[in-house]
Amino acid sequence: MELRALPAPVRYSPDVEVVKPDEGKTIEGLNETFDTILQTVADDSGHAVRSVHAKAHGILEGVLRIDPNLPPELAQGLFAKPGEHKVYMRMSTNAGDILPDAVSLPRGLALKVLDVEGERLPEAEGTTQNFIMVNGKVFQAPNAEKFLGSLKMLAGTTDRVEGLKVAASTVLRGVNKALSAVGIESPTIGSLGGAPNVDPLGETYYSVTPFRYGDHIAKFSVAPVAPGLTALTGTEIDASGRPNAIRETVQSEMQAIEGVWEFRVQLCRDLERQPVEDPTVEWKEEEAPFQRVGLITARPQDSWDEACVQAVDEEMRFSIWTGLAAHRPLGNINRARNAPYKHSAEFRQRFNGCPIHEPGAGR
């Protein structure tokens, strides 16, 4: 479908969000449940990790080049003018404990764009813009209350016998493949360990939830375009007997690959068909196509360089609420992600005795 045949993008206004009266209570519950996960893992391992996406598979340094001559609806916020920004990319798996890679879970990509100018979100430290994405198009819960229920179930499995988790993941992965074969995707099964054990370098990542995009509303995506990356799309990694198989695979592959990804924006064009408050509803691409606004390039590198891992994985936090007011997170799930992300980082900082901070200019 040609872009001129599409409806005009919806203009942002504060009333696109509907705040529930009990959201504060739900957020308290999220903090308490994240505390359970954080404390359990920290006590067992002697080291605090993130409450979700705890295990990183690779840390990449790269450059985001914003496209010139973007049309007005795409030239918004960070992307309002062309330029280059250093970026850090953190590839991960979504559990809150460090599991062997045989437990296959959805992949995550956290992107931190440095040296970003503009009005900041409330309490957003530093000068970076963060984007957090997963390799799926929809969120597992329609609202924070339902998400809290799923999180409590996840918290209940944290620190259970690893062998049981490996066996459960194998069964769930088979169920997910059977559902996929008949055209049914199950994000819930995926989140519980039934996702294909795919190579993160070949995956396309999605913000899943919507954000303000300057004058408009959008979801975001990062998609591989370099042949060395697209050749890996859908490739499954055999992690049998290799607890860090994904990390080792990415490290080996990135020695020779120049990674290139498109940063894409999906503008909301109909609030009924592309709702703000329910991230379980997929925004169909034929009705709201993704459009490229920039290119991320990562040269061949050691994706598990000790100094970079320390600086990024240990000393930084990634939060959708760290960034520009022009990219304010929207919707119930996003509002509920603010306090717990900060809570998790403060716990890590306190337990590990390692200050967590935003990178300085050009770092």
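The structure holds 17 salt bridges, a salt bridge being a side-chain nitrogen of Lys or Arg within 4 Å of a carboxyl oxygen of Asp or Glu. Side chains of opposite charge can pair when their charged atoms come close. Before we look at a few of these pairs, a note on the ground rules. This is a predicted model, in which local features need pLDDT of at least 70 and side-chain atom pairs count only at pLDDT 80 or more, while totals for chains, interfaces and linings use all residues. Residues are numbered from 1 along each chain as its sequence is written, and side-chain values use heavy atoms, with hydrogens and water left out.

| Arg335 | Glu23 | 2.7 Å |

Let's start with Arg335 and Glu23, whose side chains meet in a salt bridge. Arg335 lies in helix α8 (residues 332–336) and Glu23 in helix α1 (residues 23–45), so this pair ties together parts that are 312 residues apart in sequence. Helices here are DSSP runs of H or I with at least four residues, strands are runs of E with at least two, and both are numbered from the N terminus. Buried or exposed, where does Arg335 fall? Arg335 is buried, at 14% relative accessible area, and Glu23 counts as buried too, at 10%. The cut-offs are under 20% relative accessible area for buried, over 50% for exposed and partly exposed in between, with a 1.4 Å probe and protein chains only.

Arg273 is partly exposed at 48%, and Glu287 is partly exposed at 24%. Through shared partners, salt bridges also join Glu17, Glu23, Glu277 and Arg335 into one network. In the remaining pair of the table, Arg264 is partly exposed at 24%, whereas Glu262 is buried at 16%.

Now for the chain as a whole. The protein chain has nine helices and nine strands, and buried residues make up 54% of its 363 residues. Among contacts (heavy atoms within 4.5 Å) with a separation of 6 or more, 78% involve residues 24 or more positions apart. The accessible surface comes to about 15400 Å², of which 53% belongs to carbon and sulfur atoms; such areas come from the Shrake-Rupley method with a 1.4 Å probe, and for residues only the protein chains shown count as cover.

Which residues touch the most other members of the largest nonpolar core? They are Phe79, Trp261 and Phe263, in a core of 58 residues. Apart from that core lies another, of 13 residues, including Ile27, Phe139, Ala141 and Ala144. A nonpolar core is a set of buried Ala, Val, Leu, Ile, Met, Phe, Trp, Tyr and Cys residues joined through side-chain atoms within 4.5 Å.

Leu109, in strand β3 (residues 107–113), is buried at 2% relative accessibility. Leaving out residues up to four places away in sequence, Leu109 touches Met89, Arg90, Met91, Phe131, Ile132, Met133, Tyr205 and Val222. Leu109 and Val222 are 113 residues apart in sequence, yet 8.7 Å apart in space, C-alpha to C-alpha.

Finally, the cysteines. The structure holds zero disulfides, a disulfide being a pair of cysteine sulfur atoms within 2.5 Å. Cys268 is buried at 0% relative accessible area, and Cys308 is buried at 10%.
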